[in-house]
Amino acid sequence: MITAIVEFQLPRPLSLGEARTTFQSTAQKYVNMPGLVRKYYFLTEDGAKAGGIYLWKSRQDALAVYTDEWKAFVRGKYGTEPKLTFLDCPVVVDNTTNEIIVE
C-alpha cells in the first residue's frame, strides 16, 4: 500500500464550513474508486492550505487517478497547482475494524 498526500495553497483562506461544502461536492467521485482504500480531506488551521491524504492499494492505482485531467480539475476547483507526495505504507493500524494490515 501507499499513502499519497495531495496539498495545495489556496488563493484565499477558507473557513471550515466553506471547505466542508467544497469537499462534499467532490467526495462522491471517490466512492468505490478502484484501488482507493480511504481518503481524508484536510484544511490547515489557518485555512490557507487544503488537500487530501489517500491510502491506495498500489502506486499504479494512484497514478491512474493523478492524471493531467485530474490536475486540471484541481486547478479549476481550487485555483492552484496540486503538490503530490508518495509514501510507502507497509503497516496500517485500523481501530475501526480492529485490524493491523501488513503489506
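Predicted model: local features only at pLDDT ≥ 70, side-chain atom pairs only at ≥ 80, totals over all residues.

1. The protein chain has three helices and six strands, and from the N terminus on they follow the order β-α-β-β-α-α-β-β-β. With a radius of gyration of 14 Å, close to the 13 Å that the globule rule gives for 103 residues, the chain is as compact as a globular protein of that length.

2. For a sense of scale, the C-alpha trace spans about 40 × 30 × 25 Å along its principal axes. The accessible surface of the protein chain is about 6,500 Å², and carbon and sulfur atoms account for 53% of that. Of the 103 residues, 37% are buried.

3. Contacts across the sequence are worth a look too. Taking contacts between residues at least 6 apart in sequence, 62% join residues at least 24 apart.

4. On charge, the protein chain carries 12 positive and 12 negative charges, and their mean positions lie 5 Å apart.

5. Which residues of helix α3 are buried? In this helix, residues 68-78, they are W70, V74 and Y78. Seen down the axis of α3, the buried residues fall within an arc of 45°, so they line one face of the helix. D68, E69 and G76, on the other side of α3, are exposed.

6. Just after α3 comes G79, with a positive phi of about 75°.

Terms used: Residues numbered from 1 in each chain as written. Heavy atoms only, no water. Helix = DSSP H or I, 4+ residues; strand = E, 2+ residues; numbered from the N terminus. Rg over C-alpha atoms; globule rule 2.2 N^0.38 Å. Buried < 20%, exposed > 50% of the residue type's maximum accessible area, 1.4 Å probe, protein only. Contact = heavy atoms within 4.5 Å. Areas by Shrake-Rupley, 256 points an atom, 1.4 Å probe, with all protein chains shown as cover. Lys, Arg positive; Asp, Glu negative; His and termini not counted. Charge placed at Lys NZ, Arg CZ, Asp CG, Glu CD. Arc of directions from axis to C-beta.
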